[in-house]
There are 2 protein chains.
Amino acid sequence: MKFKVRFEPEGKEVQVDRGKTLLEAAVQAGVDISTSCGGKGTCKKCRVVAEGPVDSSPDKRLDPKLAEQGYVLACQSYVAGDVVVRVPEEARAKGHQILRKHEAHELQRLSPLVSTVEVRLDPPTIVDNIGDLERLARALGKEGRLDMPLSLLKELPSALRKGRQLKVTSAADDVGGWVVAIRPGDDGGAGAALDIGTTTVVLSLVDLGSGEVLATASDYNRQARAGDDVISRIAHAEEGGLEELQELILKTVDQLIREARADAGGAEVCALSVAGNTTMVHLFLGLDPRNIRYEPYIPVTNLPPVVKGKDLGLGIRSEAPVYFLPGRASFVGGDITADILSSRMHEREELSMLIDVGTNGEVAVGNKEFIVACSTSAGPAFEGGEVAAGMRATEGAVEKVSIPSSLEPTLEVIGGRSPLGICGSGLIDLVAQMFLRGLVDKKGRVQGTDPVRTRFTMEGGEYLLQLRGEGHREIAVSDSDLANILRTKAAVYAGCSVLLSAVDKGFEDLGRVYIAGGFGNYIDVENAILIGLLPDIPRDRFKFIGNAALAGAVEALLSRERREESMRVHEDMTYLELSTSQRFFDEFSSASFLPHTDLERFPSVARRMRR
Amino acid sequence: MKFKVRFEPEGKEVQVDRGKTLLEAAVQAGVDISTSCGGKGTCKKCRVVAEGPVDSSPDKRLDPKLAEQGYVLACQSYVAGDVVVRVPEEARAKGHQILRKHEAHELQRLSPLVSTVEVRLDPPTIVDNIGDLERLARALGKEGRLDMPLSLLKELPSALRKGRQLKVTSAADDVGGWVVAIRPGDDGGAGAALDIGTTTVVLSLVDLGSGEVLATASDYNRQARAGDDVISRIAHAEEGGLEELQELILKTVDQLIREARADAGGAEVCALSVAGNTTMVHLFLGLDPRNIRYEPYIPVTNLPPVVKGKDLGLGIRSEAPVYFLPGRASFVGGDITADILSSRMHEREELSMLIDVGTNGEVAVGNKEFIVACSTSAGPAFEGGEVAAGMRATEGAVEKVSIPSSLEPTLEVIGGRSPLGICGSGLIDLVAQMFLRGLVDKKGRVQGTDPVRTRFTMEGGEYLLQLRGEGHREIAVSDSDLANILRTKAAVYAGCSVLLSAVDKGFEDLGRVYIAGGFGNYIDVENAILIGLLPDIPRDRFKFIGNAALAGAVEALLSRERREESMRVHEDMTYLELSTSQRFFDEFSSASFLPHTDLERFPSVARRMRR
């Protein structure tokens, strides 16, 4: 039996079977509802107001006041008749702020994944009567068999006879050397570099002749509907959702290619370089990721073979090479190799650390001699997950917080509008400022210092960053939220600490700390040190390198030497498995305080607290 | 409007549209009717008796007596109502005698197109947690990225977890080195070598471990319905028949693979090595052959890239490499390279000649220093074409003729039954014996020496090899048939002669004359010299090497050194275009006599004639 579900204010209406959830109906209607738990009813972000018969799971965790107002969780409400659904602004995924910038190093010599040469062919004669393919090979200066896909070989005779000028695009020898495209006339081809994050996907369209980035497009990973972190995605794949997840990421990428091509004037993509975490790369390739999830955490591959556009059905040339930055382990993927490649830390004498605070929180330490890396399983707290008021860095998110001695907070909101929630950089600021003003103790428990903005319930304290009744919704941070934030920052710090111990070094030995990832560019270093997320070392050693994974993918797209360097990073990198490390758990426990149990590690914070 | 067409004696019945030819109806019914002109009404081999309304082109060339008996040409008769068609025995293509034998040289070391190794994999642990693909690469002793097709990579995790033993089949490094198959358990794979002739197709299934030929299967090329020679096939392709021709040869090959696998116990084909003339290779690959036909005779390629089973949709492993022996020119293809490879003439000091009397009549001369080759456009006279009583070497074909001084011919017939026509070796014998007995003059005109068996009409003389009324049908050879035979033998001899002059040599300088091709094994050397097809040199210099193209394909399948040697043959071979050579026309004219205008070239024949 089918019922009508209409979504307001859009007025989009769909017919769905009885028993479908409102979230499923929304997907069908093309209405984007925010969810980060993948429809499990735990993130409580998909709150909508439903008018009409729905069977809802009685979800105790939903604020009774909201329930009274007609709010339900879209993922836990089953259609039982014609329904009108009002989707409030805070439940929407919308206009976003994804880091697109990346630091482009000058490459000495371009040797892209594919290169195009223009050849001039003399017409055949009775004495110069070699085959068309051999004529082309001769013009290209190649000996022996020219590796041309059959589909292109079929086009060759007519292409050759259309004109004596021919543009030939070939894959670089190190990736296979086959012919990718033959084109009469003068339309050029471009390359693309792709950073597939668990949360965000960014693509740059690159001119392979000049190395110039022509356009960059970004979007959230459409797989998000199956959960915010890699484990939820793997679980979804295990439950028969592998093809669906592959299709979702391919659609995401296709859309980015379309956008970037529209921006840059339609150049066709002849090569793609991909940096992604191991799970994302598996899903992109349609490889079963299930063994990543269970000890001993084995991926199908950290070194995916070069495939072709047609193997994936992407909207690029069917023979275009698709190259993957090599990963090191199930939780230190090609994105981290790309970060390292782009940072150049692997080519320097001095000891450096790299922190990529994405969903997982990967850390690497090393220099030209070695690299050791780990994943801290930090969790998505800084990406809007696990915190009730948490949200992605989209319009309406509080991205900066300062609490002066007056205790009246000042907020900066993305889009300059009424705030709907807090994103990662805002949370760091908030916790740091609360700590500085004594609004939270070192264990992360809300204190009653500001009675106006503090509330205590059976479940503990809550700090109200924004009060209801100012024409705004209430934005609160609870003890439970703070515990999640502390867990995340402790995991990152402990990972850094354990890595350094593993190589008998300390934070003081670090010449540089690279902070990579979309998150990195918006974070306030002082506040990050205040909460003990970043180590308390001279501030000039921190270097924000933006979307370094994308920058590394661009480098691999453009240079064989950089591709070879990425293989060297892959080979030289040692992976440290933290999930079985007692030392990590000890460090993690010590770090689960503000800023740390051992205040001597944070002398500047200690000084500020004493003031 | 549809009508019923029934074929007798099988009783097969089909429904066809009005206006279809009886030949098309036969194809639809799966009734094999002989044709060598491709349905143009010129070969007159598809004579059938039709009862019922057919619109026939009034074909003046059909013997009025046959027409009176109800005979029509199946290709020129259009269905105009329900028809019963009786297909006489002589109009059928059936039980055949295709040369399968080939001389197998001992190969020093096997390095086949694909090789299979059995690896034993240690299960992953938390400290040995590299990816599945990297584990496999390590077990195979390979460094860097293992080139595994995505389809196989998807199967890898479950294959690895089924058992620790795994059979891995990889393409040889010189053809690309990718992984072709991964199999748990112990089923092996085989390779196949293929000789695609214009007329016949032969396939050997080969054990890649031992190099042993497991089974050989052969059949006529199903493309024959589009004409007997390469030019008819190209014309058919030009008229929109390319896909049809590709499908026909693929079906032929698939059937051979099935037969050979049934013989050899079902081993899966993991590699295919192909020798074929340039046109056949084009049609097999679906490449447009049109430019082969017109000056300056340019093929799409003489060096086809290695493709995969899946590119062709053949019944072999989808990732199996399909390798092509390199050709030299549009009319000296990979089959001739394979002949030369197999003969070893290119590795010897002494000067050798190779003659492949197929439909084209290719000739090569050379030694370890050089090879020069040409195609003589001999025509299909020795394959049953262009001669009224000519037929392929199938059941009922006269394959040996001797005419003693009593002038009463003795015939040997394939299948030991009543003769239906004459095949190539029979024609050579017949012309030689007629010449020896004065039944034909040196210009190839029938003489009245045996009044019983001679008939003269407006169109010239006819010699009746078999008289009507002996319970047999009449088998006659006319002046016009003899002219075609003389043209063919003159072309081959002239080609040999011109090639030798081109390198300043004569027949006396030849250490060896290799005779290759299906035809070669059944031919009587003395008779071939008598008619001036072969040169008059010491008989022990002739060496029949059977289906050398297939043998060469087997060698390339089994050995990288032989594949490299075939490339050396390709590079060292000079192609001589005869169609523009005045010298060839002069030689051809002089050779268009029995045995030759210049009897001094045939001293042994001169001696026999004087006797």
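This is a predicted model: local features need pLDDT of at least 70, side-chain atom pairs count only at pLDDT 80 or more; totals for chains, interfaces and linings use all residues.
**Where the chains meet**

**A helix pair in chain B**

- In chain B, helix α3 (residues 132-139) packs against helix α4 (residues 150-162) at an angle of about 75 degrees, and their axes are 10 Å apart.
- An angle from 65 to 115 degrees counts as roughly perpendicular, and α3(B) and α4(B) therefore sit roughly perpendicular to each other.
- From α3(B), the contact uses Asp132(B), Leu133(B) and Leu136(B); from α4(B) come Leu153(B), Leu156(B), Pro157(B) and Leu160(B).
- Sorted by type, the residues of the contact of α3(B) with α4(B) are six nonpolar, no polar and one charged.

**Nonpolar cores**

- The largest nonpolar core has 322 residues, and Val274(A), Ala553(A) and Ala553(B) touch the most other members.
- What does Val274(A) contact once its neighbours within four places in sequence are set aside? The list is Leu194(A), Ile196(A), Val281(A), Phe284(A), Val322(A), Tyr323(A), Phe324(A), Leu325(A) and Ala553(A).
- There's also a second, separate core of 24 residues, with Ala50(A), Leu73(A), Val79(A) and Val85(A) among them.

**Buried elements in chain A**

- Strand β14 (residues 268-276) of chain A has eight of its nine residues buried, so the rest of the structure largely encloses it.
- β14(A) runs parallel to strand β11 (residues 189-196) of chain A, and eight bridges join the two. Within this pairing, Ala193(A) has Ser273(A) in β14(A) as its bridge partner.
- β14(A) also pairs with strand β16 (residues 321-324) of chain A, in the parallel sense and over three bridges. Here Val274(A) has Phe324(A) in β16(A) as its bridge partner.
- For helix α13 (residues 548-558) of chain A, 11 of the 11 residues are buried, so this helix too is largely enclosed by the rest of the structure. Ala553(A) is one of the buried residues in α13(A), and Glu555(A) is another.

**The five-stranded sheet of chain A**

- This open sheet has the strand order β2-β1-β7-β3-β5 (chain A), with mixed pairing.
- Why is one side of β2 and of β5 (71-73) of chain A left without a neighbour in the sheet? These strands stand at the edges, so each has a single partner strand.
- From one strand to the next, the twist averages 35 degrees.
- Helix α1 (residues 22-29) of chain A packs on the sheet and touches β1, β2, β3 and β7 (83-86) of chain A; its direction makes about 125 degrees with that of β2(A).
- Strand β1 (residues 2-8) of chain A pairs with strand β2 (residues 12-17) of chain A in the antiparallel sense, over six bridges, and Lys2(A) stands opposite Asp17(A) in β2(A).
- β1(A) and β2(A) make a hairpin with three residues between them, and Gly11(A) in the turn has a positive phi of about 80 degrees.
- Strand β3 (residues 47-51) of chain A and β5(A) are also antiparallel, with three bridges; Val49(A) has Tyr71(A) in β5(A) as its bridge partner.

**The three-stranded sheet of chain B**

- The order in this open sheet is β23-β24-β25 (chain B), with antiparallel pairing.
- β23 (454-457) and β25 (475-478) of chain B are the edge strands, each pairing on one side only.
- Ignoring direction, neighbouring strands of this sheet are turned by 30 degrees against each other on average.
- Four bridges link strand β24 (residues 460-466) of chain B to β25(B) in the antiparallel sense, and Leu464(B) stands opposite Ala476(B) in β25(B).
- Helix α11 (residues 479-502) of chain B packs on the sheet, touching β24 and β25 of chain B; its direction makes about 65 degrees with that of β25(B).

**One residue to look up**

- Glu259(B) and Thr216(B) are 43 residues apart along the chain, and their C-alpha atoms are separated by 8.4 Å.

How values were computed: Residues are numbered from 1 along each chain as its sequence is written. Chains are lettered from A and ligands numbered from 1 in the order in which they are written. Axes are lines fitted to C-alpha atoms, for helices over the stretch in contact, and angles run from 0 to 180 degrees between N-to-C directions. Angles under 35 degrees count as roughly parallel, over 145 as roughly antiparallel, 65 to 115 as roughly perpendicular and the rest as oblique. Two residues are in contact if their C-beta atoms, placed from the backbone, lie within 7 Å. Ala, Val, Leu, Ile, Met, Phe, Trp, Tyr, Cys and Pro count as nonpolar, Asp, Glu, Lys and Arg as charged, and the others, Gly among them, as polar. A nonpolar core is a set of buried Ala, Val, Leu, Ile, Met, Phe, Trp, Tyr and Cys residues joined through C-beta atoms within 7 Å. A residue is buried if 20 or more other C-beta atoms lie within 10 Å of its own, exposed if 12 or fewer, and partly exposed in between; C-beta atoms are placed from the backbone. Two strands pair if DSSP finds at least two bridges between them.
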